[in-house]
Each structure stands twice: as C-alpha cells, then as structure tokens.
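Dear colleague,

I am passing on a structure that you have not worked with before, and below it you will find an account of what was found in it. Please read the notes with the structure open beside them.

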Amino acid sequence: MAGMNDGDVYGAAAAEGVKPEEILDFSANVNPAPLSEALRQAFQDALQCLSRPPDPEARELRRRAAEVYGVSPDEVRVGNGVSEFLYAIPRGLRPRRVVMPAPCCTDYWRASDYAGAESEGVLSSEAKEFALDPAQVEMRLSGTDMVFLGNPSDPTGVATPADAIRVLAKKFPGVTFVVDESFMEFVPETLGASLLGAPLPANAIVLRSPTAIHGLPGLRLAFMFAARPLIEQVQSAREPNAVSALALCAGEALVAGAQEAPALRQPVIAERERVRDELSRTAGIRVFRSQANFLLLKTTRPGLTALQLCERLLRQKVLIRNVAGYRGLDGRFARVSVRSASDNDRLLAAFREALAESGK
C-alpha cells in the first residue's frame with residue numbers, strides 16, 4: 001500500500017481516498033509544539049528574503065551557527081536538509097568500505113551504494129534494546145574508510161555517549177566518522193551524547209538540523225560541522241545554491257532560538273514516556289526505550305505483522321511507520337513519533353482497536 005513503508009502521508013491519504021490533513025501522522029519525527037510568536041514574526045520577516053538571491057556561502061547563518069555550536073565559521077556549512085549532506089559526503093570522500101551500526105536510517109545505505117562503496121552493518125542486540133556496542137564496531141574498522149552513525153539512532157532512538165565515539169575516532173584516524181545528530185535536541189545535555197561543545201576530532205563530521213525540535217521539516221535546513229579539509233572534500237561534491245533564501249533567513253531565527261530546546265523537549269519526553277508505558281501494557285506490543293522523539297515497537301502477537309498493524313491503524317486515519325525494510329529488523333517492527341497529548345490519546349485508542357481485531 002502506498003505510503004505504508006516510507007512515512008509518506010500523501011501516499012497514505014491517496015490510498016485511503018482522503019486529504020492528507022485528515023490523516024494523523026505519527027510517521028514523521030517532528031515536535032508538535034506550536035511556533036513561538038518570535039519565530040512567527042521571524043518567518044514573516046524572512047519573506048522579504050525572496051526578493052533577492054540566496055547567499056551561496058550562507059555567511060551570516062554560518063557565523064551565527066558557529067557562535068551557538070562553538071566552532072569556527074570555516075568548520076560549518078549549511079545544507080538543504082540532512083539528506084543532502086548524507087549523499088554528498090560519500091560522493092566527496094569516496095570511501096571504499098563503509099560500516100554502520102544497524103538498524104539505522106536507510107539513507108546511510110543508499111548514500112553508500114550510490115557512491116559505489118561496499119557497506120557492512122553491525123547489528124545491535126535487541127536484547128540490549130539496540131544500544132551500540134563500541135567493541136563490535138571496532139572489530140569491523142580495519143580496512144574501513146567511513147562510519148555512518150545516527151546519534152540518537154533512527155529508528156531505535158538510542159543515543160551513544162560522545163566519549164565512546166571520540167575513543168573510536170582517536171584509535172582509527174584514517175576512518176571518517178559521520179555522526180548524524182538530527183534528533184540530538186531531544187536528548188538532555190546531561191547525557192553527554194553530542195560531539196559538539198568540545199573540539200571535534202579531525203576525522204569526524206557532525207550533521208545537525210534545527211528544524212526537528214521546532215516541528216518544521218518542510219523548511220529543509222541542516223548544518224554540517226567538520227574540520228576544514230573534510231569540509232572542502234564534501235563541498236566539491238555538492239550542488240551550488242542548494243539552500244533557499246527563505247531557509248537561510250529563517251534559519252537565523254532558529255539558531256537564535258537554540259536555547260529554547262530544553263523547554264521544547266520536556267513535554268515531548270514526558271509524552272514519550274507516557275505513550276511507552278501505555279503501549280507496553282498493551283498485550284501484543286513490545287516497546288523499546290528511546291532518547292529521541294519517537295519509539296520503536298514490535299508486534300508480539302502471533303500472525304500479526306507490522307504491515308497489518310499499519311493498515312489497521314490507517315483505516316482509522318492514523319499513520320505510523322512500518323520499518324520492516326530497515327536492515328536488521330524483520331516484519332514485526334514499526335515506529336511511532338510523539339505528538340501532543342490529545343493526539344497521543346487518539347493513537348493509543350487506535351492501537352487498542354487495531355489489536356482487538358486479532359482476537360484474544
């Protein structure tokens with residue numbers, strides 16, 4: 001069914017014969033919090049940027065991002081979403097062999113394949129709720145050129161301490177560690193997961209997007225942080241003028257509001273734990289712990305696949321993501337994002353009805 005495997009709310013709506021806004025979308029990992037008045041005004045002001053071409057070097061936004069994230073402007077570039085960087089990095093660095101902890105974002109595999117690299121997944125243990133085992137990764141790094149690592153990982157939501165990544169980067173200076181921190185704003189700073197805030201290893205690239213925490217995936221804006229030699233190699237593989245003038249202007253407001261992250265994530269964390277507790281008490285579902293704004297779950301009822309569960313929920317106009325296509329996960333896994341309390345209540349009710357179809 002269209003839209004059932006890739007979080008495509010438009011395809012799901014078309015399959016159901018309804019409008020996209022009639023679907024309650026739990027497949028997209030975005031914060032449901034409303035925009036602040038300051039951001040609304042900033043977006044209104046940013047419309048004036050459309051009357052002139054965008055700065056191809058994104059100078060002002062890079063300067064502001066450098067101040068917030070504690071790097072030099074030469075160590076940051078602005079892109080059209082994290083995906084743009086994910087595909088440009090292997091094109092520019094041309095790795096022969098790429099290792100990635102699995103399960104992980106499917107774009108890591110695709111980007112490596114498109115660049116002609118050999119890829120290997122290091123499967124994390126379900127028994128340990130898919131937490132990264134650095135020793136298992138280290139065993140695969142001989143003869144490896146690049147590591148893709150989601151932190152926290154998608155679809156598991158598991159975060160890895162930055163110290164563990166730094167140790168690996170120091171031991172293997174010839175390996176480029178690409179750390180995707182797309183959902184890091186949902187992880188409390190006290191957990192020490194981000195590589196930012198301290199000097200980056202010379203062989204590390206960090207990707208960040210300020211849009212997820214503000215619930216603005218349609219803006220398509222991301223940052224790449226790395227030492228200048230890596231920056232230059234990746235830049236050689238990027239298309240010029242990839243970021244719109246509107247995104248650049250609006251991005252300045254998002255960066256200026258970076259200090260809002262703790263207040264924005266607290267309601268999400270509270271709802272994430274509530275939803276996890278409620279679903280965990282539901283017969284037929286196992287829910288894994290997460291440090292992001294989404295939850296990985298597994299159907300445990302015999303004969304019930306994730307696809308069937310997704311189809312039953314969609315008939316109730318609730319869309320979750322079937323992640324059976326992620327390497328390392330079988331046909332029983334799905335992912336749900338965290339929305340507002342009222343939306344989450346509707347999700348929980350839809351789950352109860354969907355599981356009731358399976359009988360006792």
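**What was found**

Not counting residues up to four places away in sequence, A324 touches L329, D330, G331 and F333. Please keep in mind throughout that this is a predicted model. A324 is found in the loop between strand 12 (321-322) and strand 13 (333-337), and with a relative accessible area of 25% A324 is partly exposed. Between A324 and T305, which are 19 residues apart in sequence, the distance from C-alpha to C-alpha is 9.2 Å.

Strand 13 itself holds another residue that was looked at, namely S337. S337 counts as buried, because its relative accessibility is 3% and the cut-off for buried is under 20%. Once its neighbours within four places in sequence are left aside, S337 is in contact with D25, F26, S27, A28 and N29, and also with N293 and F294. As for R91, which is 246 residues away from S337 along the chain, the C-alpha atoms of the two are separated by 31 Å.

Turning to the chain as a whole, the secondary structure comes to 12 helices and 13 strands. The radius of gyration is 20 Å, close to the 21 Å that the globule rule gives for 360 residues, so the chain is as compact as a globular protein of that length. Of the 360 residues of the chain, 54% count as buried, and among contacts between residues at least 6 apart in sequence, 72% join residues at least 24 apart. The chain exposes about 15500 Å², of which carbon and sulfur atoms supply 51%. The side chains include 42 positive and 44 negative ones, and the centres of these two sets lie 3 Å apart.

Which residues of helix 7 are buried? In this helix, which runs over residues 162-171, they are A162, I165, L168 and A169. Seen down the helix axis, these buried residues fall within an arc of 125°, so they line one face of helix 7.

A cis peptide bond joins A102 and P103, with omega at about 5°, and P103 has its place in the loop between strand 3 (97-102) and helix 5 (106-114). Another cis peptide bond joins D154 and P155, where omega is about 25°; P155 belongs to the loop between strand 5 and helix 7.

A58 lies in the loop between helix 2 (37-46) and helix 3 (59-69), and with a relative accessible area of 8% A58 is buried. E129, by contrast, is partly exposed, with a relative accessible area of 21%, and is found in the loop between strand 4 (118-123) and helix 6.

There remains T211, whose place is in the loop between strand 7 (204-208) and strand 8 (222-226). Is T211 buried or exposed? At 7% relative accessibility, T211 counts as buried. Apart from its neighbours within four places in sequence, T211 is in contact with L216, P217, L219 and L221, and with L254 as well.

With kind regards

Technical notes
Residues numbered from 1 in each chain as written. Predicted model: local features only at pLDDT ≥ 70, side-chain atom pairs only at ≥ 80, totals over all residues. Heavy atoms only, no water. Helix = DSSP H or I, 4+ residues; strand = E, 2+ residues; numbered from the N terminus. Rg over C-alpha atoms; globule rule 2.2 N^0.38 Å. Buried < 20%, exposed > 50% of the residue type's maximum accessible area, 1.4 Å probe, protein only. Contact = heavy atoms within 4.5 Å. Areas by Shrake-Rupley, 256 points an atom, 1.4 Å probe, with all protein chains shown as cover. Lys, Arg positive; Asp, Glu negative; His and termini not counted. Charge placed at Lys NZ, Arg CZ, Asp CG, Glu CD. Arc of directions from axis to C-beta.
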